[in-house]
Amino acid sequence: AISIYEWSLNGKLATQTNLQITVGYLLHFGGLYLRVLAIDTLDRYFTNEVRVGSEWKLIRHGIYKYIRHPSYT
């Protein structure tokens, strides 16, 4: 949030280095990428609320092969 605020002030704060801003963006978009992979892997089983259907099974492919809770990660 600070980097966006600084950008809106045309860099007048200068509280962060370019490396910190770059790492922040990488973490942000990396997390977003994991979230999209998780939603894509779950396909029709994805919901915004936690629930379990009787016909559902544990997903063990895609991103879930490596990370059990990619959305939380």
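1. Leaving aside neighbours up to four places away in sequence, Thr41 touches Ile59, His61, Gly62, Ile63 and Tyr64. Thr41 itself lies in helix H2. Its relative accessible area is 16%, and since buried means under 20%, Thr41 counts as buried. Please keep in mind here and below that this is a predicted model.

2. Some context on the whole chain. The protein chain has two helices and zero strands. Of its 73 residues, 15% count as buried. Among contacts between residues at least 6 apart in sequence, 26% join residues at least 24 apart. The chain exposes about 6400 Å², and carbon and sulfur atoms supply 60% of that area.

3. Helix H2 covers residues 18–42. H2 has 25 residues and reaches 36 Å from its first C-alpha to its last, which is close to the 36 Å expected at 1.5 Å a residue. Thr41 is listed among the buried residues of H2, together with Leu34, Ala38 and Leu42.

4. Which residues make the nonpolar surface patch? The patch is formed by Ile4, Tyr25, Phe29, Leu32 and Val36, and its area is about 490 Å². Helix H2 gives the largest share of the patch, four residues.

5. Tyr25 and Phe29 both lie in helix H2, four residues apart, about one turn of the helix. An α-helix has 3.6 residues a turn, so residues three or four places apart point the same way. Tyr25 is partly exposed, with a relative accessible area of 39%. Phe29 is also partly exposed, at 48%.

6. How many aromatic pairs does the structure hold? There are two aromatic pairs. In one of them, Tyr25 and Phe29 are stacked, with 6.3 Å centre to centre and 20° between the planes. An angle under 30 degrees counts as stacked, which is why the 20° of this pair gets that label.

7. Tyr25 and Phe29 both sit in helix H2. The next pair lies elsewhere: Tyr45 and Trp56 form an edge-to-face pair, 5.7 Å centre to centre with 75° between the planes. Both Tyr45 and Trp56 lie in the segment after H2, so this pair ties together parts that are 11 residues apart in sequence. Tyr45 is partly exposed, with a relative accessible area of 21%. Trp56 counts as partly exposed too, at 25% relative accessibility.

8. The end of H2 is also worth checking by eye. Just after H2, Asp43 takes a positive phi of about 50°. Asp43 has this positive phi although it is not a glycine. Is Asp43 buried or exposed? At 59% relative accessibility, Asp43 counts as exposed, because the cut-off for exposed is over 50%.

Notes
Residues numbered from 1 in each chain as written. Predicted model: local features only at pLDDT ≥ 70, side-chain atom pairs only at ≥ 80, totals over all residues. Heavy atoms only, no water. Patch = residues over 30% accessible without salt bridge, like charges linked within 9 Å, V, L, I, M, F, W, Y side chains within 5 Å. Areas by Shrake-Rupley, 256 points an atom, 1.4 Å probe, with all protein chains shown as cover. Salt bridge = Lys/Arg side-chain N within 4 Å of Asp/Glu carboxyl O. Buried < 20%, exposed > 50% of the residue type's maximum accessible area, 1.4 Å probe, protein only. Contact = heavy atoms within 4.5 Å. Phe/Tyr/Trp six-rings, centres within 6.5 Å; stacked < 30°, edge-to-face > 60°. Expected span 1.5 Å × (residues − 1).
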